Amino acid sequence: MAPEQDRPPQPPLLLMDGITKSFPGVRALDGVALEVLPGEVHCLLGQNGAGKSTLIKVLAGVHQPDGGEITWQGEQVTLRSPIAAMRRGIATIYQELDLVTHLSVAENVFLGHEPTSAGFVVRGREARVATGKLLKRLGHPEIDPGTLVGELSAAHQQIVSMARALSHEVRLIVMDEPSAALDPDEVENLFRIVGDLTSDGVAVVYISHRLEEIRRIGDRVTVLKDGRAVAVGLPAKTTPTSEVVALMTGRNVEYIFPERSSGAADGKVLLKTEGLSRKGEFEPLDLEIRTGEIVGLAGLVGSGRSEILETIFGARKASSGRVLVDGQELKPGSVRAAVRSGLGLAPEERKAQALLMLESVTRNVSVSSMSRYARGGWLNRGAEFVAAQKAVRELSLRPDNPAVPVRTLSGGNQQKAVLARWLLRGCKVLLLDEPTRGVDVGARAELYAVIRRLADDGLGVLLVSSEVPEVLGLADRVLVLREGRVVHESPAQDLDEHRVLDLVMEGSPAT
């Protein structure tokens, strides 16, 4: 990751020129160019829908371009499949990890190219030893190569994906939102790994919505907007953030959070937990959320944030304590009871845990309220559509036609579809886990405004986010967690990012 000016001139490792790609009714890429040098971190930026995913899938051999040329190490090539790309030395680590959860770490790392000896595939100890060496190189020797991937945390699964990429002789690694599921220590380790790779001459194409990461880790930047490259090879460290944002969005975006409500602390108690705990995950928690109040949970990955939300929602059964909504105690471990009481959950992995990706927006919005539109075994599709349309328009979801498949929406609008589901259901308390994960900078401000408006309309909100500024900017009150226990609680305006990070790292006594 040496500064661009310190590098001698060198021919590109990769040159994509005039790349076009269309799908039915959509021109996803319109003459895109990308140049990547050996040993550089080239950051690819753009809002959701700008064409980043399509471009990297062309590079990975998943999609075939309709036009344009790809030059790899000075040779014009056609990448007809992911295997062909990998054989050339191009590896891609997607945000939605494509690991096989019922296989072990070692089996995932060498899946499709198992180690051989004397012409025979080696499946046992040798594969685990080789995997262990890769994990050690990545700074995670504690991950057992024999562990099933499904038993690992999201952060450790990310490391396994990196190990799988390194198990090939790679010259270029594409990383799609690699830091999204990592805590600050893991991000530092990621940056170390990237630095080691680039020092060895491996190039990295780095995609992230966190612009502060781009300035820190990147050498050059290419910006996509509406399927076109609006800037190619900008210096990452010296290009003003305002200029990058303006290129991405076509307008200047100010990072301003909505104004907090003044009377939130005086509202009626909607959600209350008394001594709620799960053994090995979080210690007894006493929590209250009132009408119009947004409460934030801040802490590192593994601090118990998501587990608290899922236990309140009934997706995990508490070891002790109870949850009350409007004064009524919920049946432990029952999602149905939670939904009926007025709780709604927008989980961290919305594509895997919340959305029916092959269904329409209508079905995704109405799925928790279907009984309202069913009579005598028949579904009133017209009433379902009208109700969904009203909900999505209230949240300014685009496009506002709920007949479109939810998979065609951007990340921000998919999140709005999840919120619209609970709005239609008439929920009282929203549980939001990483609500802006994978959402571009232009759409974040819209989501912040939606969340604050829902609270102003009388909902209670419990918010989890890995981004401390987001917690402090949105929440009225913040609970700081460390290793499953609350170490601090105060109004959000009494905290700053440095204080929160000190608390989660040091574990100061609860106040």
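Predicted model: local features only at pLDDT ≥ 70, side-chain atom pairs only at ≥ 80, totals over all residues.
**View 1. An open sheet of 6 strands.** The strands line up in the order β18-β21-β22-β15-β23-β24, and the pairing is mixed. At the edges sit β18 and β24 (485-491), each with a single partner strand, so one side of each has no neighbour in the sheet. Going from one strand to the next, the twist averages 15°. As a reminder, strands of a sheet pair through backbone hydrogen bonds, in either a parallel or an antiparallel way.

**View 2. Strand β21 (residues 429-433) and its burial.** How many of the residues of β21 are buried? The count is 5 of the 5, so the strand is largely enclosed by the rest of the structure. Look at both faces here: Val 429, Leu 431 and Asp 433 are buried on one side, and Leu 430 and Leu 432 are buried on the other.

**View 3. The two partners of β21 shown here.** Strand β18 (residues 343-346) pairs with β21 in the parallel sense, over 4 bridges. Pick out Leu 345 and you'll find its bridge partner in β21, Leu 431. Strand β22 (residues 460-464) also runs parallel to β21, and 5 bridges join the two. For Val 429, the bridge partner in β22 is Gly 460.

View 4. Helix α14 (residues 411-425) lies across β18 and β21, and its direction is about 170° to that of β18.

**View 5. Leu 271 and the largest nonpolar core.** This core has 78 residues, and those touching the most other members are Leu 271, Ile 312, Leu 343, Leu 430, Leu 431, Leu 462 and Val 478. Helix α15 (residues 441-456) gives the most to the core, with 7 residues. A second, separate core holds 47 residues, including Ala 91, Phe 110, Leu 135 and Val 170. Zoom in on Leu 271 and, leaving aside neighbours within four places in sequence, its contacts are Leu 287, Glu 288, Ile 289, Ile 312, Val 323, Leu 324, Val 325, Leu 343, Val 429 and Leu 431.

**View 6. The β23-β24 pair and its loop.** Strand β23 (residues 477-482) and β24 run antiparallel, joined by 6 bridges. Leu 481 has Val 486 as its bridge partner in β24. In the loop between the two strands lies Glu 483, a residue other than glycine with a positive phi, near 50°. Is Glu 483 buried or exposed? With a relative accessible area of 59%, Glu 483 is exposed.

**View 7. Gln 73 in another loop.** Here the loop between β4 (67-72) and β5 (75-77) contains Gln 73. Its phi is near 55°, again positive in a residue that isn't glycine. Gln 73 is partly exposed, with a relative accessible area of 44%.

View 8. The bond from Arg 398 to Pro 399 is cis, with omega near -5°. Pro 399 belongs to the loop between α13 (381-394) and α14.

How values were computed
Residues numbered from 1 in each chain as written. Heavy atoms only, no water. Core = buried A, V, L, I, M, F, W, Y, C linked by side-chain atoms within 4.5 Å. Buried < 20%, exposed > 50% of the residue type's maximum accessible area, 1.4 Å probe, protein only. Contact = heavy atoms within 4.5 Å. Pairing = 2+ DSSP bridges. Axes fitted to C-alpha atoms, helices over the stretch in contact; angles between N-to-C directions.
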